[in-house]
Every structure is written in structure tokens, then in C-alpha cells.
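Take a moment with the sequence and the model shown here. The paragraphs after it walk through a few places in turn.

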Amino acid sequence: MAAAVVRDAEAVLASVVHSQDAVHAPYGGVVPELASRDHVRHLHATVTAALERAGVGLVEVDAIGVTSGPGLIGSLLVGFAFAKALAYRTGKPLLAVHHIEGHLASCRLDADPLDLPLVGFVVSGGHTALYAMESLARIRLLGQTRDDSAGEAFDKVAKRLGLGYPGGREIDLRARRGNRRAYTFPRPLLGPGLEFSFSGLKTAAALEIAAAEARFTDGLPEALVDDLAASFQEAAVDVLVEKARRALAETGIPRLAVVGGLAANTRLRERMAELAAATGCEVRFPPLRLCTDNAAMIAAVADRMLAEGRIAPLGVEAFSRVPLALQDAGQGESLRPGRAS
Ligand code: KG4
Ligand code: ZN
């Protein structure tokens with residue numbers, strides 16, 4: 001859960017992230033009920049901390065932005081109830097922001113923004129999707145995963161290797177010491193399109209881990225874990241880089257923004273930099289702390305929506321799933337209204 005104060009859609013005055021990793025770690029994954037309870041407990045303090053760090057009083061704030069989805073509905077509803085109450089109490093406008101639009105905005109925060117149009121690549125725990133961003137509000141889906149996200153594959157493989165939760169960062173760290181060519185894993189490219197599939201790679205890694213466990217009944221040697229992590233990561237990164245290359249070629253857009261939790265991955269950053277050098281395209285990542293979920297990216301979109309007059313009624317609903325809709329700036333709501341489910 002997170003709260004932030006942002007000025008003019010680009011300057012981050014404060015960005016506070018209250019991590020729930022310790023809450024979910026014993027279960028090896030997110031437990032939705034525990035997530036919403038933790039939101040209830042810490043939301044007020046997180047918002048207060050963001051205002052304090054920014055040195056801004058609530059009265060000075062222009063508007064209140066809140067994530068409306070997609071995500072875990074229980075957690076979204078807690079944030080929504082809080083934001084609506086705040087908007088009602090202060091009389092300030094409420095802006096309902098799509099989570100993915102937030103990620104796409106993150107590469108323009110505290111950084112030298114890329115010109116538009118650009119290809120936006122969202123690689124997070126919940127999404128693996130390529131978008132053509134023609135303007136800030138006109139965003140077209142180019143292709144997404146048919147099954148697991150890349151982040152899910154990283155987290156599952158890490159869990160299978162006993163690396164803790166959330167596992168993506170652990171794989172990243174262990175892979176630095178490993179041999180990327182020690183194991184051969186599939187690179188599912190699904191023909192010429194821009195769709196993804198990571199479930200086969202995840203299963204192939206799980207089978208290789210099971211085979212290693214059968215050989216080493218006293219536990220896997222550290223070097224073998226490093227090699228498995230490095231080989232798995234290289235396969236996933238190969239797919240991500242190849243699809244990004246195709247998206248740039250197909251759209252003819254020479255700019256790529258890579259956002260979401262996996263944009264923090266060292267090897268992905270290295271390989272995307274090589275792609276930039278090879279193609280002459282510009283490739284940009286958000287600062288590390290703005291790759292994983294944060295509220296600064298939500299506030300940045302909220303600020304722009306405020307300027308466009310896209311204010312949400314207090315009866316607006318949160319939704320667990322909804323696609324990012326194709327829209328023209330200034331023409332009504334940027335999101336198709338969805339229902340809580
Ligand atoms: O964007 P995010 O914070 O949440 C979602 O919107 O899903 O992404 C979280 C994902 C998790 O799967 C986490 O393991 C992964 O990002 N992640 C990483 C790294 N840091 C976070 N994966 C690979 N390498 C990293 N350095
Ligand atoms: Zn996210």
C-alpha cells in the first residue's frame with residue numbers, strides 16, 4: 001500500500017510505500033484477506049507520512065487520486081472508501097486512476113520524459129503487456145500474456161527454489177552469480193505476434209528443479225540454485241526483449257518505456273540497453289523505486305486527469321479487472337466503468 005504527493009504530474013514531493021511483504025511471506029504469496037486488513041490498519045498512517053514528508057498540509061492539496069483497479073478488490077475497496085471520505089470531507093475532487101495507466105506514467109516521473117508516441121511495456125506481477133501510447137490518454141493494447149505474467153513466473157520459480165517472497169528480486173540477485181547457459185529452457189514466442197505465454201517456461205523450470213532435488217536429497221547446492229536462477233531469467237528476458245524489438249519494428253515507434261516491477265531487473269535493463277544500441281531506439285526505465293507499485297505514479301495520472309476535468313463522482317466503483325481502454329484525451333472517462341467482483 002502506498003501514498004504520495006506529486007506536483008504538476010512530474011515532481012515527486014513524497015512517495016511512501018508500506019510494504020506487505022512480511023505479512024504475506026509466510027504463505028509464499030499474497031493472501032487477499034490479510035492484504036485488505038493490513039490496508040485498514042496502515043492506510044491512515046501511510047497517507048499522513050506522505051503529507052508530512054512532502055511538507056504539505058491536506059488543505060494545500062488540489063485533488064485526491066485513488067487506484068480504482070485492476071487489483072485485489074478487498075484492498076481496492078479500502079483505498080476507495082478512504083479516498084472518497086477524504087474527498088467528501090475536504091470538498092476536493094476525486095480522480096479514479098487505472099493501475100496500468102499509473103505504471104505507464106511512472107517513466108515520466110523524476111526523469112527526463114520520453115517524447116510521444118512511445119511503446120509502453122508493462123512487466124509486473126499482474127501484467128505482461130505491450131501498448132502503443134500515442135498520447136498520454138490514447139493508449140492502444142498491442143499484445144499481452146495469454147496465461148501467466150512474467151512476474152508470476154519469477155515468483156513461482158523463486159518459491160520453488162526456496163528463495164522467499166516476493167521472489168523476482170531474489171532471482172535477480174542469485175542470477176548474477178549463476179551461469180546463464182547452464183540449463184536450456186524454452187523461449188515461448190507464440191509465432192510472429194505480440195502475445196506472451198510464460199506458463200510453459202514456469203513448468204519447465206519446475207521440472208528441472210524437481211530433477212535436481214531428486215539428485216541432491218540433502219538440499220540443492222548454492223551454485224546450482226544460482227545457475228537455475230540465471231538460466232530461467234535469461235529465457236524470460238530473451239522473450240521480453242524479442243517482443244519489445246518486434247513491437248518497435250511493427251509500430252515504427254523509436255521509443256520504448258519499460259515499467260512495472262520487472263523493470264527493476266538488472267539483466268532486463270542490460271539487455272534492453274543492448275536493444276537500444278542495436279536498433280537506435282531510445283529505451284527508458286523509471287527510477288528503481290518507481291518500478292514496483294507506488295502511489296506517485298497514480299498521483300501523476302490523477303493530476304493530468306484533473307487538468308482534463310475527468311473527475312469521478314463519489315459513487316464511482318472499484319473493479320478487480322478491467323482493460324485499459326482506448327481513449328482520446330478530453331473525451332469523457334478514460335476507463336470503461338467496471339463493477340466490483
Ligand atoms: O509492479 P509490481 O510492483 O506489482 C504489480 O502490479 O504486479 O510488480 C511486482 C513484481 C513481482 O512479481 C516481483 O517479484 C517482481 O515484480 N520484481 C522483480 C524484481 N523486482 C520486483 N522481478 C525481477 N527482478 C527484480 N529485480
Ligand atoms: Zn503494479
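Which residues coordinate the zinc ion (ligand 2)? The zinc ion is held by His99 through NE2, by His103 through NE2 and by Asp293 through OD, at 2.0 to 2.1 Å. Donors here are N, O and S atoms within 2.8 Å of the metal (3.2 Å for Na, K and Ca), and water is not among the atoms, so sites may look incomplete.

Before going further, some ground rules. This is a predicted model, in which local features need pLDDT of at least 70, side-chain atom pairs count only at pLDDT 80 or more, and totals for chains, interfaces and linings use all residues. Residues are numbered from 1 along each chain as its sequence is written, chains are lettered from A and ligands numbered from 1 in the order in which they are written, and side-chain values use heavy atoms, with hydrogens and water left out.

Back to the metal. What arrangement do the 4 donor atoms around the zinc ion make? Their angles run from 97 to 132 degrees, which makes the arrangement tetrahedral. For comparison, the ideal angle for four tetrahedral donors is 109.5 degrees.

Now look along the chain. The zinc donors follow the spacing H-x3-H-x189-D. His103 sits in helix H4, while Asp293 sits in the loop between strand E9 (282–284) and helix H10 (296–307), so the pair ties together parts that are 190 residues apart in sequence. Helices (H or I, at least four residues) and strands (E, at least two) are DSSP runs, numbered from the N terminus. In an α-helix there are 3.6 residues a turn, so residues three or four places apart point the same way.

Is His103 buried or exposed? His103 counts as buried because its relative accessibility is 0%. Asp293 is partly exposed, at 45% relative accessible area. Buried means under 20% relative accessible area, exposed over 50%, and partly exposed in between (1.4 Å probe, protein chains only). Helix H4 is mostly covered, with 8 of its 8 residues buried. Among them are His99, Glu101 and Ser106.

Next comes ligand 1. There are 19 residues around it, and Gly125, Gly126, Asp155, Asp172 and Asp293 come nearest. A residue is near a molecule or strand if one of its heavy atoms lies within 4 Å of it. By class, this shell has 4 nonpolar, 11 polar and 4 charged residues. Here Ala, Val, Leu, Ile, Met, Phe, Trp, Tyr, Cys and Pro count as nonpolar, Asp, Glu, Lys and Arg as charged, and the others, Gly among them, as polar.

Which atoms meet the oxygens of ligand 1? A side-chain N or O atom of His99 lies 3.1 Å from one ligand oxygen. A backbone N or O atom of Gly126 is 2.9 Å from an oxygen of ligand 1. For Gly151, a polar backbone atom is 3.4 Å from a ligand oxygen. A polar contact is a pair of N or O atoms within 3.5 Å; within protein, one must be able to donate a hydrogen and the other to accept it, and residues adjacent in sequence count only if both atoms are side-chain atoms. Taken alone, ligand 1 exposes 560 Å², and the protein buries 88% of that. Such areas come from the Shrake-Rupley method with a 1.4 Å probe; for residues, only the protein chains shown count as cover. Helix H4 (99–106), helix H5 (150–160) and helix H6 (168–175) are the elements that give two or more residues to the shell.

The loops deserve a look too. Thr145 lies in the loop between strand E7 (139–144) and H5. Thr145 counts as buried, at 18% relative accessibility. Its side chain reaches the backbone nitrogen of Asp147 at 3.2 Å. A polar atom of that side chain also lies 2.6 Å from the backbone oxygen of Asp148.

Leu116 and Pro117 are joined by a cis bond, with omega about 0 degrees. Pro117 is in the loop between H4 and strand E5 (118–123). The bond from Tyr165 to Pro166 is cis, with omega near -10 degrees. Pro166 belongs to the loop between H5 and H6.

Terms used: Four donors count as tetrahedral if all angles lie between 85 and 135 degrees; four count as square planar and six as octahedral if opposite donors are over 155 degrees apart and all others between 65 and 115; anything else is irregular.
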